[in-house]
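Welcome! Please take a moment to look over the sequence and the 3D structure, and then we can walk through some parts of the protein together.

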Amino acid sequence: MALEGGDSKEIMNAVLKVVSSCVESEINADQITTFDLEYLFLKLRGKSVGEVVDLTLRHEEETDCTARTKVGLNLDEIEVMGTISDGKIMITDEVGVKMRYPNLNDMDKIQSAVDNNEVDSTFDVIAMCVEYIFDKENVYNDFTQKELQEWLETLSQKQFENISSFFSNVPKLAHDLHWTCSKCGKSETVHLEGLESFFTL
């Protein structure tokens with residue numbers, strides 16, 4: 001039903017409900033990273049309908065061949081791509097910031113703010129994901145969101161880019177599916193990335 005609605009928020013909420021209902025250990029599904037949530041959902045999807053999903057694919061680019069080819073996708077082969085960082089980013093030689101990856105709650109707040117034109121989404125995402133600021137002697141975590149945003153605004157462009165790159169390199173659920181057309185023999189690759197791609201499987 002969530003897929004039919006085509007709303008990414010509905011899809012994420014449906015995934016959240018599935019994971020929360022099916023995982024027995026005490027985890028707060030809306031607090032784990034988005035890529036962990038996607039991974040758990042995909043593994044549950046594999047156990048519920050089988051690890052191999054049959055897809056019917058056709059050429060994405062314009063071609064004379066209109067054939068459709070059945071291709072098996074093994075869900076067990078799909079992994080989270082990228083390196084999981086410890087989140088510590090040095091701003092200067094002595095001052096650093098400890099970041100955490102965004103979770104579903106963060107993404108929901110950001111989307112709502114963007115939809116209502118309330119905040120600059122980049123600053124908001126970064127501020128929400130700062131765990132603490134540190135130097136050689138102290139750890140600072142007693143600050144308001146406003147104070148944190150003001151601090152972020154004092155950073156140089158290079159310092160801000162160092163923090164932004166943390167989000168550019170967030171691990172993600174991704175997979176390249178290689179297949180060959182059963183009629184013309186042309187080799188193709190379909191890149192699947194993000195929950196919405198896998199939700200349709």
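Here is a short tour, starting with the overall picture and moving on to a pocket, some aromatic rings and a few individual residues.

## Before we start

This is a predicted model, in which local features need pLDDT of at least 70, side-chain atom pairs count only at pLDDT 80 or more, and totals for chains, interfaces and linings use all residues. Residues are numbered from 1 along each chain as its sequence is written, and side-chain values use heavy atoms, with hydrogens and water left out.

## The overall picture

The protein has eight helices and nine strands. Both kinds of element are DSSP runs numbered from the N terminus: helices are H or I with at least four residues, and strands are E with at least two.

Of the 201 residues, 38% count as buried. Buried means under 20% relative accessible area, exposed means over 50%, and partly exposed lies in between, using a 1.4 Å probe and protein chains only. Contact means heavy atoms within 4.5 Å. Among the contacts with a separation of 6 or more, 60% are between residues 24 or more positions apart.

## The second largest pocket

Rolling a probe the size of a water molecule over the atoms shows where empty space is left. On a 1 Å grid over the protein atoms alone, a pocket is an open set of points where a 1.4 Å probe fits, with protein on both sides within 12 Å along at least five of seven lines.

Which residues line the second largest pocket? They are Thr34, Phe35, Glu38, Pro102, Met107, Phe167, Ser168, Val170, Pro171, Lys172, Glu193 and Gly194, where a lining residue has an atom within 4 Å of a point. Helices α3 (34–49) and α7 (157–168) each supply at least two residues of this lining, and α3 gives the largest share, three residues. The lining divides into six nonpolar, three polar and three charged residues. Here Ala, Val, Leu, Ile, Met, Phe, Trp, Tyr, Cys and Pro count as nonpolar, Asp, Glu, Lys and Arg as charged, and the others, Gly among them, as polar.

## Aromatic rings

A pair of aromatic rings is described by the distance of the centres and the angle of the planes. Rings of Phe, Tyr and Trp (its six-membered ring) pair if their centres lie within 6.5 Å; planes under 30 degrees apart are stacked, over 60 edge-to-face, and the rest tilted. By this rule there are four aromatic pairs. One of them joins Tyr132 and Phe134, edge-to-face, at 6.1 Å centre to centre with 65° between the planes. Phe134 counts as buried because its relative accessibility is 14%.

Phe166 and Phe167 also form an edge-to-face pair, 5.2 Å centre to centre with 85° between the planes. Both Phe166 and Phe167 are buried. Ring pairs link Phe35, Tyr101, Phe166 and Phe167 into a cluster.

Strand β9 (residues 187–193) includes Glu188. Is Glu188 buried or exposed? Its relative accessibility is 17%, so Glu188 counts as buried. Its side chain makes a polar contact of 2.7 Å with the side chain of His59. A polar contact is a pair of N or O atoms within 3.5 Å; within protein, one must be able to donate a hydrogen and the other to accept it, and residues adjacent in sequence count only if both atoms are side-chain atoms. Beyond its neighbours within four places in sequence, Glu188 is in contact with His59, Leu177, His178 and Trp179.

Glu193 is also placed in strand β9, and it counts as partly exposed because its relative accessibility is 35%. The side chain of Glu193 makes polar contacts with the side chains of Lys172 (3.4 Å) and His191 (2.7 Å). Glu193 and Lys172 are 21 residues apart in sequence, and their C-alpha atoms are 7.3 Å apart in space.

## Two threonines

Thr33 sits in the loop between α2 (8–22) and α3. At 15% relative accessibility, Thr33 counts as buried. Setting aside residues up to four places away in sequence, Thr33 touches Tyr101, Pro102 and Asn103.

Thr56 is found in strand β1 (residues 52–57) and is partly exposed, with a relative accessible area of 47%. Apart from neighbours within four places in sequence, Thr56 is in contact with Arg68, Thr69 and Lys70.
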